[in-house]
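This report describes one protein structure for a reader who has not seen it before. Look over the sequence and the model first, then read on.

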Amino acid sequence: GYMKNKKNVYTYFFVLSVLLIIYMGYTLFTTYQQLSAYCNNYNTTMAAQWGYCLQTFLAAIVPCLVYASTCYGIGYMIKNH
């Protein structure tokens, strides 16, 4: 009945938030590799290009964090009501 559906719904949101965190880790890894290659090509370092690197990492991380926390929040609210 209703309770079983409710449990499935919040489980779905929790699983989604975990998947988004995993995806974020993967994105961080690939972003790091791309920046590393970029720095090697231009004979510079990530420290020297820290502004660009920070911007690139934030662009990769922030959307995932927002989506993951939103999904977790929705799941949490459903579970506790």
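## Around cysteine 64

Which residues is cysteine 64 in contact with, leaving aside its neighbours within four places in sequence? In this predicted model, the contacts of cysteine 64 beyond those neighbours are Leu20, Tyr23 and Met24. Cysteine 64 counts as buried because its relative accessibility is 5%.

Tyrosine 23, one of these contacts, is placed in helix H1. Its relative accessible area of 47% makes tyrosine 23 partly exposed. Between tyrosine 23 and cysteine 71 there are 14 Å in space, C-alpha to C-alpha, and the two are 48 residues apart in sequence.

## The nonpolar core

Which residues form the largest nonpolar core? Six residues do: Met24, Leu35, Cys53, Phe57, Ile61 and Cys64. H1 and H2 are the elements that give two or more residues to this core. H2 provides the largest share, four residues.

In soluble globular proteins, nonpolar side chains tend to be buried together.

## Threonine 31

Threonine 31 lies in helix H1, which covers residues 2-41. Is threonine 31 buried or exposed? With 6% relative accessibility, threonine 31 counts as buried, since the limit for buried is under 20%. Apart from its neighbours within four places in sequence, threonine 31 is in contact with Thr56, Phe57 and Ala60. Phe57 is also listed among the residues of the largest nonpolar core.

## Cysteines without disulfides

How many disulfides does the structure hold? The number is zero. A disulfide is a covalent bond between the sulfur atoms of two cysteines.

Cysteine 53 counts as buried, with 5% relative accessibility.

Cysteine 64 is in no disulfide either. Its nearest cysteine sulfur belongs to cysteine 71 and is 11 Å away.

Which residues make the nonpolar surface patch of about 620 Å²? Trp50, Leu54, Leu58, Val62, Val66 and Tyr67 make this patch.

One of them, leucine 54, is found in helix H2, residues 50-79. Leucine 54 is partly exposed because its relative accessible area is 45%, and partly exposed means between the 20% limit for buried and the 50% limit for exposed.

Definitions and conventions:
Residues are numbered from 1 along each chain as its sequence is written. This is a predicted model: local features need pLDDT of at least 70, side-chain atom pairs count only at pLDDT 80 or more; totals for chains, interfaces and linings use all residues. Side-chain values use heavy atoms; hydrogens and water are left out. A disulfide is a pair of cysteine sulfur atoms within 2.5 Å. Buried means under 20% relative accessible area, exposed over 50%, partly exposed in between (1.4 Å probe, protein chains only). Patches are made of residues with over 30% relative accessible area and no salt bridge: like charges are joined within 9 Å, nonpolar side chains (Val, Leu, Ile, Met, Phe, Trp, Tyr) within 5 Å. Accessible areas come from the Shrake-Rupley method with a 1.4 Å probe; for residues, only the protein chains shown count as cover. A salt bridge is a side-chain nitrogen of Lys or Arg within 4 Å of a carboxyl oxygen of Asp or Glu. Contact means heavy atoms within 4.5 Å. A nonpolar core is a set of buried Ala, Val, Leu, Ile, Met, Phe, Trp, Tyr and Cys residues joined through side-chain atoms within 4.5 Å.
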